[in-house]
Amino acid sequence: MAEFPITLLLVDDHFVVRSGLAASLELEDDLRVAGEVDRGELALAAFDQFKPQVVLMDLQLPGISGIETTAQLIAGHPNAQVLMFSTFARDEEVQAAMRAGALGYLQKSSSREDLLKAIRTVAKGEKWLPADLEARLKERTAEPEITPREREILTLVTQGNANKEIAATLGIGEDTVKQHVSRILVKLKVNDRAQATAEAIRRGLVRV
């Protein structure tokens with residue numbers, strides 16, 4: 001056993017996932033699972049109890065999400081080191097996690113080698129993202145941002161609403177909706193509403 005193992009707090013609502021992770025991580029001499037919880041609300045108290053060096057945080061949790069939990073944790077403990085662990089890697093969710101204070105983001109489908117590398121990197125207070133995900137985020141920072149109103153309209157577009165229906169729902173003119181939709185297509189770099197729907201889902205701009 002290493003003299004100073006990296007202590008971990010596992011936050012995931014699936015018992016089998018937590019158990020499998022704990023068993024796998026405990027095989028490493030420099031890692032020790034200090035605690036496990038299945039909800040974001042419990043993670044805050046567990047952090048105070050176990051004082052882990054790294055929190056492995058599931059994105060989708062019952063109650064408050066992993067992103068919300070991370071934001072609350074960082075607000076109370078600015079030096080907390082969180083590695084987000086998710087089934088998905090939608091651009092919008094990754095950005096939200098990093099804005100909340102996470103140091104890293106990893107998909108659950110990643111290799112064990114990448115998981116260990118990510119944990120050890122985050123434990124040093126350094127950021128960690130898979131190369132392809134980091135490249136995508138850098139590309140997105142140069143793109144015009146979707147405004148809150150455009151996001152509302154985009155959500156209605158993905159639900160199959162026509163411009164007239166969107167206008168009635170939001171209480172705005174149909175011409176205004178058309179202008180918003182045109183700007184959305186340009187920002188998403190797509191040609192039609194079907195492509196906009198697919199791109200919005202890929203980026204995590206809308207929930208399905």
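## Pairing around strand β3

Strands here are DSSP runs of E with at least two residues and helices are runs of H or I with at least four residues, numbered from the N terminus.

This is a predicted model, in which local features need pLDDT of at least 70 and side-chain atom pairs count only at pLDDT 80 or more, while totals for chains, interfaces and linings use all residues. Residues are numbered from 1 along each chain as its sequence is written, and side-chain values use heavy atoms, with hydrogens and water left out.

From β3 the chain passes through α3 to β4 in a β-α-β crossover that is right-handed, meaning that, with the strands pointing away from the viewer, the path from the first strand over the helix to the second runs clockwise.

Taken as a whole, the open sheet has 5 strands in the order β2-β1-β3-β4-β5, with parallel pairing. Because β2 (31-37) and β5 (104-107) stand at the edges with a single partner strand each, one side of each is left without a neighbour in the sheet. Neighbouring strands of this sheet are turned against each other by 25 degrees on average, direction ignored; such angles are taken between N-to-C directions, on a scale from 0 to 180 degrees, of lines fitted to C-alpha atoms, for helices over the stretch in contact.

Buried here means under 20% relative accessible area, exposed means over 50%, and partly exposed lies in between, with a 1.4 Å probe and protein chains only.

D58, located in strand β3 (residues 54-58), has a relative accessible area of 5%. An unreviewed UniProt entry places the feature "modified residue: 4-aspartylphosphate" at D58; UniProt positions are given in the numbering used here, feature names are shortened, and annotations may be inferred rather than shown by experiment. Leaving aside neighbours within four places in sequence, D58 is in contact (heavy atoms within 4.5 Å) with V11, D12, D13, G66, M84, F85, S86 and K108.

Q60 sits in the loop between β3 and α3 (66-76) and is partly exposed, with a relative accessible area of 40%. Beyond its neighbours within four places in sequence, Q60 is in contact with D13 and F88.

R18, in helix α1 (residues 15-25), is buried at a relative accessible area of 11%. The side chain of R18 makes a polar contact with that of E36 at 3.4 Å; a polar contact is a pair of N or O atoms within 3.5 Å, where within protein one must be able to donate a hydrogen and the other to accept it, and residues adjacent in sequence count only if both atoms are side-chain atoms.

Conventions: Pairing = 2+ DSSP bridges.
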